[in-house]
2 protein chains.
Amino acid sequence: MARAATTSDVFNAVAEPCRRELLAALRGGEVPVAELVQRMRLPQPQVSKHLGVLRQVDLVRCRSVGRQRLYRLNAPALRPIHAWVSEFEAMWNARLDRLDDYVTQLSNTTTEPGTDTRRNDR
Amino acid sequence: MARAATTSDVFNAVAEPCRRELLAALRGGEVPVAELVQRMRLPQPQVSKHLGVLRQVDLVRCRSVGRQRLYRLNAPALRPIHAWVSEFEAMWNARLDRLDDYVTQLSNTTTEPGTDTRRNDR
DNA sequence: TTGACATATTCCACTATCGGTATATGTTGT
DNA sequence: ACAACATATACCGATAGTGGAATATGTCAA
């Protein structure tokens, strides 16, 4: 098993740069596939496939208008991600890292176990 | 090319459930690998490998103490993710989705192009 | 009904990632 | 110097994800 299935996990769906770009492109409102293809400079099948993934995790929804398909963002589906990162937000807002750095300097820090590059991080 | 390399993209690094769990386990402060192995109930090599990935994207850092290695979270590395999701936050906070639903109902919505399941989303 | 158009799906080959096992590296204590 | 310990890395087999090209589905217009 390699990773939680892309099609079932929002985190995975968003891990793909193209799909993030797609979501960004949908921030303005409904957009037909053809326009997405243009903006993304990607072959149409790829776009459709990416949209398919986003649909499966409910990050986007679409409706048919004539032969076109208008996609729109379903922002609330991003909440799990936001919630998850937010739990860590305090840790960089509260400047706890300063204490962290202190601890770091106490003993000589080895950031990269193999290659011992910088000794003073951040 | 399948996806942006796990080792170079924070989004990808975090896409793995085990790695998210690892990060969560480090929220309390520095933790030696052995303890992580215990908590995760995963073979030690897996844990080390996951830690390796997290290290490469600078989500965690570590220092050596005797033969142990103490890992700690580098929370600021999560900022890109937080920043990205936050750009969408307004869209679910502002109840714009209500308007969205309205648009949805105007024409019969087809959420799943192939399998036409529910017609009324959310 | 036929053809143009818009989009989705299938098939294929390639690569990256993951889990598992074995082994290497490095450190402490004797 | 050697053994025990802690952790990292290398190797392997399996598999899922991606891009690309071809094709299927569905809709409109004549």
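**Close-up views of a predicted model**

**View 1. The lining of the largest cavity.** The residues lining the largest cavity divide into seven nonpolar, no polar and no charged, where Ala, Val, Leu, Ile, Met, Phe, Trp, Tyr, Cys and Pro count as nonpolar, Asp, Glu, Lys and Arg as charged, and the others, Gly among them, as polar. This is a predicted model, in which local features need pLDDT of at least 70 and side-chain atom pairs count only at pLDDT 80 or more, while totals for chains, interfaces and linings use all residues. Residues are numbered from 1 along each chain as its sequence is written, chains are lettered from A in the order in which they are written, and side-chain values use heavy atoms, without hydrogens and water. The lining consists of A:F11, A:V14, A:I81, B:F11, B:V14, B:A15 and B:I81, and its largest share, three residues, comes from α1(B). A cavity is a set of points on a 1 Å grid over the protein atoms alone where a 1.4 Å probe fits but cannot get out, and lining residues have an atom within 4 Å of a point.

**View 2. The open sheet of chain B.** Three strands, which are DSSP runs of E with at least two residues, form an antiparallel open sheet in the order β1-β3-β2. Its edge strands, β1 (31-32) and β2 (60-65) of chain B, each pair on one side only, and two strands pair if DSSP finds at least two bridges between them. In β3(B), B:Y71 is the bridge partner of B:V31.

**View 3. Two cysteines.** A:C62 is buried, with a relative accessible area of 0%, whereas B:C18 is partly exposed at 21%; buried means under 20%, exposed over 50%, and partly exposed in between, with a 1.4 Å probe and protein chains only.

Conventions. Helix = DSSP H or I, 4+ residues; strand = E, 2+ residues; numbered from the N terminus. 1 Å grid on protein atoms, 1.4 Å probe; cavity = no way out; pocket = protein on both sides within 12 Å on 5 of 7 lines; lining within 4 Å.
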